[in-house]
Structures are given as C-alpha cells and as structure tokens.
Amino acid sequence: MNLYFLRHGVTDLNRQIIFQGRIDTPLNDEGISQAELAANYINKSSLKFDKIYSSPLIRAIDTCRIATGIDKAHFITDERLLEIDYGPFEGKKIFPATDEMMAFLEAPFDNEPPNGIENMKSVKGRMVGVLNDIISSSDTSDNVLISSHGIALSALFHYIYEMNNFNADTNMPKIEHAKLYYSKLSNNMLTIPKLST
C-alpha cells in the first residue's frame, strides 16, 4: 500500500502567525498557488488515488480538491484528522509567548502545553487511530491520500519514525505547506515519509 500525506496550503492566519487550530479558515492566494503546484506534480507523475481522506476543515479539503482535481464529494472526511485544538489560544498571536508556551512550541512531545491546549499524546492517538482504520479498510495495492494539518501530521510522522527506531526529535523535518509526502506499507511496517513534490 502506498500512503501519501498532504498538508494544507497557506492561509492568512498562517502568514499572520496566529494560532489557527480548529478555526475554519480558507486558503489565501498563496495557498491556492501551492495547491496548484501539487496538482502539477500529481498530474506529471500520473498519480491516481484509490481513496482520499481529509480533515473536515476547508483549508485541507480545498488543498486536496485542487491538488487532485477530484470533487470533495468523493473524499472521506474524518474529524480525527483535524489540527491540534489550541482551545483558548485559537485566533491569538503566537508571539510573544510565555515560557510554558515556548517550551511546548519548541519541544511539543516533551512538554505539556498550557492549560486548554490539546496535548501531543492526544493528537498522536487520534492520528494513529485513523491511520490504522485506513490501513485495515484498504487493499494492499491501494494508493491512499490523507489531507491534514502541520501539527497533526507531525504527530503521525513522529509515530512512524518511532516505528522505524529513528529519533523523530532530531531527524524529522518540518512538514511544508501543500507538499506531498510518501510512505510505503509493507509487512505491517511503514517507511519513513519522504517528500515527493
């Protein structure tokens, strides 16, 4: 099975460095252009997806729709693919930040977040849960696309790095907007996700 992961394109809140989380913000012009570049790669590579899963937030759905050229009616949306819940910090500027928030932002898997923010154990748990459900309901020959968010995908990649006995904290790159990452499932093992686009 071939698994592809897609982070949504840029929004205005990304560029304003604001906690976005569960706020349902649309792509801006830059984000649309990023999704169109992903579409060019998918078309040139003749990639076809047997199943497409997406976060229900519009920025993830629209990135996926533009990149694949497939109507969202054919997507399977799952709330477990949502971005981290920033709770009372949603819609607020990220900087300046308290020492507690800075510690969490710099090493989210090692530090508890400020009160009201979903912790990374929770994010990882739901992302791994949906991944396992996707794998168990797909054929071994399927190409599957998962469209989600930066922190959510980081939590999932962290799990895959651990599966491969790699130190995710030192080896895992930042997941870029509207870029496609690829991982192959073989013998119940996923390869480290690699940048495709």
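1. First, a word on naming: helices here are DSSP runs of H or I with at least four residues, strands are runs of E with at least two, and both are numbered from the N terminus. Keep in mind as you read that this is a predicted model.

2. With that naming in hand, have a look at N165, which sits in the loop between helix 6 and helix 7. Its phi is positive, at about 60 degrees, even though N165 is not a glycine.

3. Another backbone spot to check is the peptide bond from F95 to P96, which is cis, with omega near 0 degrees. P96 belongs to the loop that runs between strand 3 (76–77) and helix 4.

4. Now the largest pocket, which holds about 1,000 Å³ of space. Its lining takes in 36 residues, and R7, Y86, L105, I151 and K174 are the ones nearest the centre. Sorted by class, the lining comes out as 19 nonpolar, eight polar and nine charged residues.

5. Helix 6 gives the most, with four residues.

6. Helix 6 also packs against helix 5 (residues 120–136), at an angle of about 75 degrees and with the axes 8 Å apart. Angles of 65 to 115 degrees count as roughly perpendicular, so helix 5 is roughly perpendicular to helix 6. On the helix 5 side, the contact uses M120, V123, K124, M127, V128, L131 and N132. Helix 6 answers with I151, A152, L153, A155, L156, H158, Y159 and E162. By class, that contact has 11 nonpolar, two polar and two charged residues. Note that I151 turns up here and also among the residues nearest the pocket centre.

7. The other helix pair to look at is helix 2 (residues 29–44) with helix 3 (residues 58–68), where the angle is about 40 degrees and the axes lie 7 Å apart. These two helices are therefore oblique to each other, and helix 2 passes helix 3 in a right-handed crossing. Helix 2 brings I32, A35, E36, A38, A39 and I42 to the contact, while T63, I66 and A67 come from helix 3. The class count for this contact is seven nonpolar, one polar and one charged residues.

Technical notes. Residues numbered from 1 in each chain as written. Predicted model: local features only at pLDDT ≥ 70, side-chain atom pairs only at ≥ 80, totals over all residues. Heavy atoms only, no water. 1 Å grid on protein atoms, 1.4 Å probe; cavity = no way out; pocket = protein on both sides within 12 Å on 5 of 7 lines; lining within 4 Å. Points joined across faces, edges and corners; volume = space filled by probe spheres on them. Nonpolar A, V, L, I, M, F, W, Y, C, P; charged D, E, K, R; others polar. Axes fitted to C-alpha atoms, helices over the stretch in contact; angles between N-to-C directions. Parallel < 35°, antiparallel > 145°, perpendicular 65-115°, else oblique. Left-handed = near helix turned anticlockwise from the far one by under 90°. Contact = heavy atoms within 4.5 Å.
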